Amino acid sequence: MWPLHRWRFPDHPTPFAADLQTQGRRVTWEWQSDSAEATPEISRRLRVPLSAKLTRTRYLYRGDGRPLQLATSYESVEFAAHLDEERRSVVARMYAHGVKITEIRETVHTRVPRPGEADALQLAAGTHVLHVERTHWAGERPVETSDIVLPGDRFRVMYSMPV
């Protein structure tokens, strides 16, 4: 199992990749943004009306060529980046819009993978996934939310909290 440090590199465009690169892994990723309407769950998490227009970005990360993480993020179209040169961390992108991220909240649970996730992550039968629901907050306003899916047999999630 690989250690996966949560929030060691919050200002890196891809904290996940930065963490694995420090462990000597060659990390690549693909992403695609499109427009989407808020589902009931995403509407609740972003505190926007049901069917609000959002930008959805889907990511697939690989380590040494092996699929390691799926992530889907949602944010208001006013904040979303669509070009390679605009791809920056959520914190940096929001700051460019005059929005200061004050908190990042995550909840983590395990679950059975959906068929598309099992295929994309090349999971063996019976392997569960770690599902991280992450939301970036600017004061009392949630400005971005993501669903991150990791193979449960490949990672040990580690958190460090300053005291």
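Colleague: Which residues is Asp 147 in contact with, leaving aside its neighbours within four places in sequence?

Modeller: In this predicted model, they are Ile 42, Arg 45, Leu 70, Ala 71, Thr 72, Tyr 74, His 131, Val 132 and Glu 133. Contact here requires heavy atoms within 4.5 Å. Asp 147 itself is placed in strand 7.

Colleague: What makes the pairing of Asp 147 with Arg 45 a polar contact?

Modeller: The side chains of Asp 147 and Arg 45 are joined at 3.0 Å. The cut-off for a pair of N or O atoms is 3.5 Å, and 3.0 Å falls within 3.5 Å, so the pair qualifies as a polar contact. A further polar contact, at 2.8 Å, links the side chain of Asp 147 to the side chain of His 131; this value is likewise within 3.5 Å.

Colleague: Why is Asp 147 called buried?

Modeller: Its relative accessible area is 16%. Buried means under 20%, and 16% is under 20%, therefore Asp 147 counts as buried.

Colleague: Why does Leu 150 count as buried?

Modeller: Leu 150 has 0% relative accessibility, which is under 20%, so the term applies. Leu 150 is in strand 7, which covers residues 141–151. In space, its C-alpha is 5.4 Å from that of Val 129, although 21 residues separate Leu 150 and Val 129 in sequence.

Colleague: How many of the residues in the protein are buried, as a percentage?

Modeller: Buried residues account for 46% of the 163 residues. The protein has four helices and eight strands, in the order β-α-β-α-β-β-α-β-α-β-β-β from the N terminus.

Colleague: Why is Ser 51 called partly exposed?

Modeller: The relative accessible area of Ser 51 is 37%.

Colleague: Why is Asp 64 described as partly exposed?

Modeller: Asp 64 has a relative accessible area of 44%, again between 20% and 50%, and therefore takes that label. Asp 64 is found in the loop between strand 3 and strand 4 (66–76), and its phi is positive, near 55°, in a residue other than glycine.

Note on methods: Residues are numbered from 1 along each chain as its sequence is written. This is a predicted model: local features need pLDDT of at least 70, side-chain atom pairs count only at pLDDT 80 or more; totals for chains, interfaces and linings use all residues. Side-chain values use heavy atoms; hydrogens and water are left out. Helices (H or I, at least four residues) and strands (E, at least two) are DSSP runs, numbered from the N terminus. Buried means under 20% relative accessible area, exposed over 50%, partly exposed in between (1.4 Å probe, protein chains only). A polar contact is a pair of N or O atoms within 3.5 Å; within protein, one must be able to donate a hydrogen and the other to accept it, and residues adjacent in sequence count only if both atoms are side-chain atoms.
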